[in-house]
Amino acid sequence: MNAKVADRVATGVFIVIAFIIVSVLIGLFSFILYHGFQHVSLKFLTTPSSNMSAGGGIRDQLFNSFYVLFITMLITVPLGVGGGVYMAEYARPGRITNIIRSCIEVLASLPSIVIGLFGLLMFVTLTGWGYTILGGALALTVFNLPVMVRVTEDAIHSVPRDLKEASLALGITHWHTIKTILLPSAFPTILTGGILAAGRVFGEAAALLFTAGLSTPRLDYTDWNPFSQISPLNIFRPAETLAVHIWSINTQGLIPDVDAVSNGSAAVLILSVLLFNLLARWIGSLIHKKVTATK
Amino acid sequence: MTYFRGVIFFMEKLVPAKERLLKSQKNWMNGEVRGKIIVFICAIIMISATIAITIFLGTKGLQSFIKNGVSLIEFLTGKQWNPSDQAKPQYGALPFIFGSFTVTFLAALIAAPLGIGGAIFMTEIAPSWGRKILQPVIELLVGIPSVVYGFIGLTVLVPFIRVHFGGLGFSLLSGMIVLSIMILPTITTIATDAMSSLPKTLREGSYALGATRWQTIRKVLIPAAIPSLLTAIVLGMARAFGEALAVQMVIGNVKTMPHSILDASGTLTTIITLNMGYTTFGSPENNILWSMGLLLLIMSFAFILLIRYLSSRRKI
């Protein structure tokens, strides 16, 4: 009898815990979206931010966020997929593989502020670039690379062995098998994982503070020459991203409408991350349906 | 024309089949070697990034001890932090080290029961619908950027604590709550994996002996999964220890030791983010910040070693 009561109580406790977790999420999301949407408007998204007066928007920050993300993924994806292929196909169990695995583990667990500090030393001071988009993207690459490697490795491992063996049995070499059989079959999983990783990069701020900087020069969106100082496409200019913007106006900003701007920015940020999440799921299931012919 | 055709025919005859095949195989091998080189380079880049981070932060972090003559003992145990004082700078980082550890442990204290409880709910109590609800919830929680957590902490939690508990609101308590929500998904995900990878026979054996579900969870499943559950908690703590911006926005960033949970405090990460931009590169007050960065790096190695030790003890 006693044991049965204890069982009921425990079950109740676990349900309460699950309820707490769900309500925390719902609370967070409804708070951000409710407060945020009062401030998000087309004007908010298309006016440049202001340092002193109220009424600033987030045009440049939003563009910077996507641009930094784009450059980061441009560097990370080939490196990460290459590393993942190595780990899944070429790495033989032994000392070197263990070292690489430890390196991935170390990189994955490094605090982002430490990666930011490393970026400050390597990509800002040592190269003499100053705060640049490229420096920020390279720092984020360090941060994102282990995720991409792991995603690729898992995706390749989940390709049925028969496919690979059939290809090898037909006399196709290892590299060609990887190129023509394994990578295409693993592509949906890699894509999904990549989009989720992109969502993480999009909201990252600590690694960008000291690498991409806290300011954006006055940009001219009609200037498409990537070498021009005022062009938004220039990768050697400082760029404050949306996440960094929220932090900087809250801790050292002077604008009077801090709450309005940060509420709006937080809503845009959350919505983008949500979009990445949904996109990943949608594309994943779409390709899964196409490849496996299930309903 | 016929002459040329003859020559070509002759040459084709001249190159024996064996050589032609060898040549084509060589081409194949070229692609093979190129592919191998590409993926090897990717692997080498990862190793060199890790080594570069260690070396760069190591040399830079040690400079304050070697070049500026700061004593390591003072850095680790001194309570006075005043590096910008011209006459007599003091480099005692103990309040920040203490703040980092305290806030990490407190956050783990909240997040561990919630996370593991959530994992058990997903795997044991309601494996069908519970998982369908909680899994996306956890994934969405992971996706919320840390500055957003910090901002909500700043606008909701800090005033709430100021009104209901007293103090400034910027406190260890705020930092701990924000961090615990941030590390909750990490702990839950890994704990769920750990629980669901336990063999079914364990549960069935326990039920067959007449144990209730709670007895099975407490006496069989948790003890069997304990190394993995501890790994989950340690990973969560590693994340909490290195988190910078969210904590910095709610914890108050003072230089003194906190005496109660409602006192403002500072952590290693918050002092680095606050002061790095305002100190001259290469000056003693800047170098000491790099030493704190090195300390963060060392701690993250320590967490990895701890996880390694725990996974080597994994029974199942």
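Residues are numbered from 1 along each chain as its sequence is written, while chains are lettered from A and ligands numbered from 1 in the order in which they are written. Because the model is predicted, local features need pLDDT of at least 70 and side-chain atom pairs count only at pLDDT 80 or more, whereas totals for chains, interfaces and linings use all residues, and side-chain values use heavy atoms, with hydrogens and water left out.

The interface between the two chains involves 73 residues of chain A, which are in contact with 72 residues of chain B, contact being defined as heavy atoms within 4.5 Å. The size of an interface is often given as the accessible area lost when the parts come together. Here, chain A and chain B bury about 6700 Å² between them, with 83% of that area on carbon and sulfur atoms; buried area is the accessible area (1.4 Å probe) that two parts lose on being put together, summed over both. Between chain A and chain B, 10 residue pairs are in polar contact, both residues being at pLDDT 80 or more. A polar contact is a pair of N or O atoms within 3.5 Å; within protein, one must be able to donate a hydrogen and the other to accept it, and residues adjacent in sequence count only if both atoms are side-chain atoms. On the side of chain A that touches chain B, helix α1 (residues 2-37) of chain A gives the most, with 19 residues; helices (H or I, at least four residues) and strands (E, at least two) are DSSP runs, numbered from the N terminus.

R281(A) forms a salt bridge with E139(B), the closest N and O atoms being 2.3 Å apart. Within chain A, the side chains of K164(A) and E89(A) meet in a salt bridge at 3.0 Å, N to O. K164(A) lies in helix α7 (residues 161-169) of chain A and E89(A) in helix α3 (residues 59-90) of chain A, so this pair ties together parts that are 75 residues apart in sequence. At 22% relative accessibility K164(A) counts as partly exposed, whereas E89(A), at 14%, counts as buried; buried means under 20% relative accessible area, exposed over 50%, and partly exposed in between (1.4 Å probe, protein chains only).

Chain B has 12 helices and 2 strands, and of its 316 residues 49% count as buried. Among contacts in chain B between residues at least 6 apart in sequence, 69% join residues at least 24 apart. In the loop between α2 (17-66) and α3 (72-77) of chain B, N68(B) is found, and this residue is partly exposed, with a relative accessible area of 29%. Leaving aside residues up to four places away in sequence, N68(B) touches Q63(B), P284(B) and N287(B). N68(B) and I53(B) are 15 residues apart in sequence and 22 Å apart in space, C-alpha to C-alpha.

Conventions: Salt bridge = Lys/Arg side-chain N within 4 Å of Asp/Glu carboxyl O.
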